[in-house]
Each structure stands twice: as structure tokens, then as C-alpha cells.
Amino acid sequence: MDITALLAQAANLMLTGMVGVFVFLSILIIAVKGLSRFAAPAEQAPPSSRVSKSTPTSGEQVPSEHLAAISAAISQYRNQHFQSEK
């Protein structure tokens, strides 16, 4: 075979492969966008309007009852674990 014919065949094969990949990726992008539109209403559920009173929001401080319970737990832990070391 002539070198010109081989180069023409290689260019044809390269062009065919590039077009095939472009078409495949275009179909893939369209499918992903379509599926994201299909699934979008399920993802955008409205946030729960019910807020627990025990969780502090921005600007609020921790309730004094919680601080007392945490302080008592820390004190009890220290008494149990550090008295054996002395």
C-alpha cells in the first residue's frame, strides 16, 4: 500500500473514533441532565419546620440545666478515674 493511502485511512479512523466518542459523551450528558431533572423534586424537599427546643440556635446560649449536668458528669468522671492515681 501507498503511504498516502495509509495516512488517509488513519485519518479516517481517527475522525470516526473522535466522532463516536463525541456522540457517546453527548448522549451521556443529556441522560445525566435528564435524570437530574427527574430526581430534583425528591431532593428539594422542604426543610422540617419543627425545631427541637433542646438544640440551641444561633444567638442562644446553652441552658443552665445542661451546663449543670455536664459539670456533674465531668466531676464524677474525674473523681472516679483520678483518685486511683493518687
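Accessible area here comes from the Shrake-Rupley method with a 1.4 Å probe. With that in hand, let's walk through this predicted model. The chain exposes about 8,300 Å², and carbon and sulfur atoms supply 66% of that area. Of its 86 residues, 0% are buried. The secondary structure amounts to 2 helices and 0 strands.

The UniProt record, an unreviewed entry, carries the annotation "transmembrane region" for residues 6-32. In the model, that span is 100% helix and 0% strand, and the C-alpha atoms at its ends lie 39 Å apart.

Now look at the surface. Leu15, Val19, Phe22, Val23 and Ile27 form a nonpolar patch there, and together they have about 510 Å² of accessible area.

Let's finish with the aromatic rings. The count comes to 1 aromatic pair. The partners are Tyr77 and Phe82, whose ring centres are 6.5 Å apart; their planes stand at 90 degrees, so the pair is edge-to-face. How accessible are the two partners? Tyr77 has 48% relative accessibility and counts as partly exposed, while Phe82, with a relative accessible area of 41%, is also partly exposed. Both labels follow because partly exposed covers the range between under 20% for buried and over 50% for exposed.

Note on methods:
Residues numbered from 1 in each chain as written. Predicted model: local features only at pLDDT ≥ 70, side-chain atom pairs only at ≥ 80, totals over all residues. Heavy atoms only, no water. Patch = residues over 30% accessible without salt bridge, like charges linked within 9 Å, V, L, I, M, F, W, Y side chains within 5 Å. Salt bridge = Lys/Arg side-chain N within 4 Å of Asp/Glu carboxyl O. UniProt positions renumbered as here; feature names shortened; annotations may be inferred. Helix = DSSP H or I, 4+ residues; strand = E, 2+ residues; numbered from the N terminus. Buried < 20%, exposed > 50% of the residue type's maximum accessible area, 1.4 Å probe, protein only. Phe/Tyr/Trp six-rings, centres within 6.5 Å; stacked < 30°, edge-to-face > 60°.
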